[in-house]
Amino acid sequence: MKYVFNYLVLMVLVTSCSKIEENNDPIIGIWQHTVKTATNENKMVVDNEEWIFNDVYLGRFHCYNKGQVVYLTDFSWSVHDGIYIVSYPGTDFPDDFVKMEETDNGTILMRTEGKLFAEKQ
């Protein structure tokens with residue numbers, strides 16, 4: 001009886017484990033943007049911005065000034081009909097709406113209004 005009970009417990013554990021969905025979205029990786037002016041879209045004095053997108057729809061955003069991190073925060077991302085939505089919960093940053101484009105120099109993210117968002121590293 002004990003053997004049957006152990007077998008049933010094992011079967012429940014094995015069948016209740018869900019498979020983790022593999023995410024191979026091309027946005028996964030490190031994206032950078034060199035700020036041409038001293039102030040970025042969020043009114044911070046920076047010279048470089050970096051987004052690290054991971055496969056569980058989260059990431060880390062860094063702002064640099066002269067090679068030093070001056071701001072960092074987490075973000076979440078999603079994609080709907082080819083438009084990526086980058087949200088920064090816990091901040092007053094507005095959501096970014098971007099689309100991926102291929103150029104002769106590589107892959108870039110463009111804001112939906114037409115400005116460069118970031119380049120893939």
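This is a predicted model: local features need pLDDT of at least 70, side-chain atom pairs count only at pLDDT 80 or more; totals for chains, interfaces and linings use all residues.

Visitor: What makes Trp 77 count as buried or exposed?

Guide: Trp 77 has a relative accessibility of 4%. Buried means under 20% relative accessible area, exposed means over 50%, and partly exposed is in between, with a 1.4 Å probe and protein chains only. Residues are numbered from 1 along each chain as its sequence is written, and side-chain values use heavy atoms, with hydrogens and water left out.

Visitor: Where does Trp 77 sit, and which residues is Trp 77 in contact with?

Guide: Trp 77 belongs to strand 4. Strands are DSSP runs of E with at least two residues, helices are runs of H or I with at least four, and both are numbered from the N terminus. Contact means heavy atoms within 4.5 Å. Leaving aside neighbours within four places in sequence, the contacts of Trp 77 include Asn 23, Ile 27, Ile 28, Phe 53, Leu 58 and Ile 85. Asn 54 is also among them, and its backbone oxygen lies 3.2 Å from a polar atom of the Trp 77 side chain.

Visitor: What is the overall makeup of the protein?

Guide: One helix and eight strands, in the order α-β-β-β-β-β-β-β-β from the N terminus on. Of its 121 residues, 31% count as buried.

Visitor: How do you know that strand 3 and strand 4 pair?

Guide: Two strands pair if DSSP finds at least two bridges between them. Strand 3 (residues 58–65) and strand 4 (residues 68–80) have eight bridges, in the antiparallel sense, so they pass that test. One of the bridges joins Asn 65 to Gln 68. The hairpin has two residues between the strands, and Lys 66 takes a positive phi near 55°.

Visitor: How many bridges join strand 4 to strand 5?

Guide: Five, with strand 4 and strand 5 (residues 83–87) running antiparallel. Val 79 has Tyr 84 as its bridge partner. This hairpin also has two residues between its strands, and Asp 81 in the turn has a positive phi of about 55°.

Visitor: Why is the contact between Asp 74 and Arg 60 called a salt bridge?

Guide: A salt bridge is a side-chain nitrogen of Lys or Arg within 4 Å of a carboxyl oxygen of Asp or Glu. For Asp 74 and Arg 60, the N to O distance is 2.6 Å, which makes the pair a salt bridge. Asp 74 lies in strand 4 and Arg 60 in strand 3, so the pair ties together parts that are 14 residues apart in sequence. Both ends are partly exposed: Asp 74 has a relative accessible area of 43%, and Arg 60 is at 32%.

Visitor: How many salt bridges does the structure hold?

Guide: Two. Arg 111 forms one with Asp 96, and their closest N and O atoms are 2.7 Å apart. Arg 111 is in strand 7 (residues 106–111) and Asp 96 in strand 6 (residues 96–103), so this pair ties together parts that are 15 residues apart in sequence. Arg 111 is buried, at 10%, and Asp 96 counts as buried at 10% as well.

Visitor: Why is the ring pair of Tyr 57 and Trp 77 called tilted?

Guide: Rings of Phe, Tyr and Trp (its six-membered ring) pair if their centres lie within 6.5 Å; planes under 30 degrees apart count as stacked, over 60 as edge-to-face and the rest as tilted. The structure holds eleven such pairs. Tyr 57 and Trp 77 have ring centres 4.7 Å apart and planes at 45°, so the pair is tilted. At 38% relative accessibility, Tyr 57 counts as partly exposed.

Visitor: What makes the pair of Tyr 71 and Phe 93 tilted?

Guide: Their planes are at 45° and their centres 5.5 Å apart, so this pair is tilted. Tyr 71 is in strand 4, and Phe 93 is in the loop between strand 5 and strand 6, 22 residues apart. Tyr 71 counts as partly exposed at 26%, whereas Phe 93 is buried at 11%.

Conventions. A polar contact is a pair of N or O atoms within 3.5 Å; within protein, one must be able to donate a hydrogen and the other to accept it, and residues adjacent in sequence count only if both atoms are side-chain atoms.
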